[in-house]
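Hi,

Here is the structure I promised to pass on. Could you open it and keep it beside you while you read my notes below?

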Amino acid sequence: MKILRVENLKKIYGKGETRVVAVDDVSFEVEEGEFIAIIGPSGSGKTTILHTIAGLEKPTSGKVYFYDKNIFEMSKKELTILRRQKIGIIYQFYNLIPTLSVEENILLPIELDKKKVDKEKLREITKFLNIDDRRKHLPNEISGGQQQKVAIGRALIINPTIILADEPTGNLDSKSSNEIMQLLKKANKEYKQTIIMITHNLEIAKLADRIIKIEDGRIV
């Protein structure tokens with residue numbers, strides 16, 4: 001089943017001499033349970049594509065369908081709810097709240113949605129990510145790799161339809177990068193999690209089921 005359909009996506013910044021075509025007529029589809037890597041050099045437009053899919057940026061033209069509904073025809077409120085309930089986002093720089101514990105950071109989307117906390121699900125995720133013994137620690141008390149695991153946990157806790165990962169290993173050493181990639185693969189296989197990952201690293205991209213290569217805003 002198709003989860004996502006991107007049609008003729010275009011994003012232009014600036015005008016005249018400062019005009020930059022960041023994304024140029026990009027189209028692709030994502031099936032349920034797929035692990036896709038979007039690869040390209042810095043400035044190729046891959047992060048803009050990811051942000052547009054998440055509804056964080058509006059395209060100049062083109063459409064993004066989430067289960068056959070164009071997300072840019074949704075109201076701001078509908079789009080916010082879609083992101084909070086259906087899309088798990090993992091950032092390169094973790095984006096954890098420094099004053100919240102590991103457990104509180106993971107549960108943040110649940111709290112924002114005013115939903116009941118499933119303690120069994122939380123324990124399952126922290127064990128899956130091997131951070132169960134760090135649940136009460138603050139972000140500055142754990143390593144970069146562990147912080148990225150917390151970010152993955154925060155994405156998984158909502159049982160998202162899709163996870164969007166923006167350079168999830170870009171800030172980590174090779175050992176931690178390896179571990180994070182194995183966890184994403186495991187989430188894809190064991191949780192049947194659909195994942196779109198942005199990376200500039202071909203070796204990391206090879207762990208995905210399919211690679212989409214972007215250069216100068218276009219699929220090549």
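Searching the whole structure for cavities of 30 Å³ or more turns up one. Bear in mind that this is a predicted model. The largest cavity comes out at about 40 Å³. Around it sit L4, I53, V64, F66, I71, L82, I87, I162 and L164. β4 (61-66) and β7 (162-166) each put at least two residues into that lining. What classes of residue make up the lining of the largest cavity? It is nine nonpolar, with no polar and no charged residues.

The largest pocket holds about 360 Å³ of space. It has 14 lining residues, and R83, R84, P109, L112 and R154 are the closest to its centre. If you want to find it by secondary structure, look at α2 (76-86), β6 (87-90), α3 (102-112) and α5 (144-156), the elements that each give two or more residues to the lining. By class, the lining of the largest pocket splits into eight nonpolar, three polar and three charged residues.

The second largest pocket has about 180 Å³ of space. Its lining consists of Q85, L107, I110, K115, K116, V117, D118, K121, I157, I158 and N159. Five of these are nonpolar, two polar and four charged.

Now for the packing. How many residues does the largest nonpolar core have? There are 36, and I90, I157, L184 and M197 have the most contacts inside it. The elements giving two or more residues to this core are β3 (35-39), α3, α4 (119-128), α5, β7, α6 (174-190), β8 (194-199) and α7 (202-205). Another core, of 30 residues, lies apart from it, with L9, I38, F72 and I162 among its members.

Some residues turn up in two of these places. I157, one of the residues with the most contacts in the largest core, also lines the second largest pocket. I162 belongs to the core of 30 residues and also lines the largest cavity.

Leaving out residues up to four places away in sequence, I90 touches Q148, A151, I152, A155, I163, L164, A165, D166, P168 and L184. Two of those names come up elsewhere: L184 is, like I90, among the residues with the most contacts inside the largest core, while L164 is part of the lining of the largest cavity.

Cheers

Terms used. Residues are numbered from 1 along each chain as its sequence is written. This is a predicted model: local features need pLDDT of at least 70, side-chain atom pairs count only at pLDDT 80 or more; totals for chains, interfaces and linings use all residues. Side-chain values use heavy atoms; hydrogens and water are left out. On a 1 Å grid over the protein atoms alone, a cavity is a set of points where a 1.4 Å probe fits but cannot get out, and a pocket is an open set with protein on both sides within 12 Å along at least five of seven lines; lining residues have an atom within 4 Å of a point. Grid points are joined across faces, edges and corners, and a volume is the space filled by probe spheres set on the points. Helices (H or I, at least four residues) and strands (E, at least two) are DSSP runs, numbered from the N terminus. Ala, Val, Leu, Ile, Met, Phe, Trp, Tyr, Cys and Pro count as nonpolar, Asp, Glu, Lys and Arg as charged, and the others, Gly among them, as polar. A nonpolar core is a set of buried Ala, Val, Leu, Ile, Met, Phe, Trp, Tyr and Cys residues joined through side-chain atoms within 4.5 Å. Buried means under 20% relative accessible area, exposed over 50%, partly exposed in between (1.4 Å probe, protein chains only). Contact means heavy atoms within 4.5 Å.
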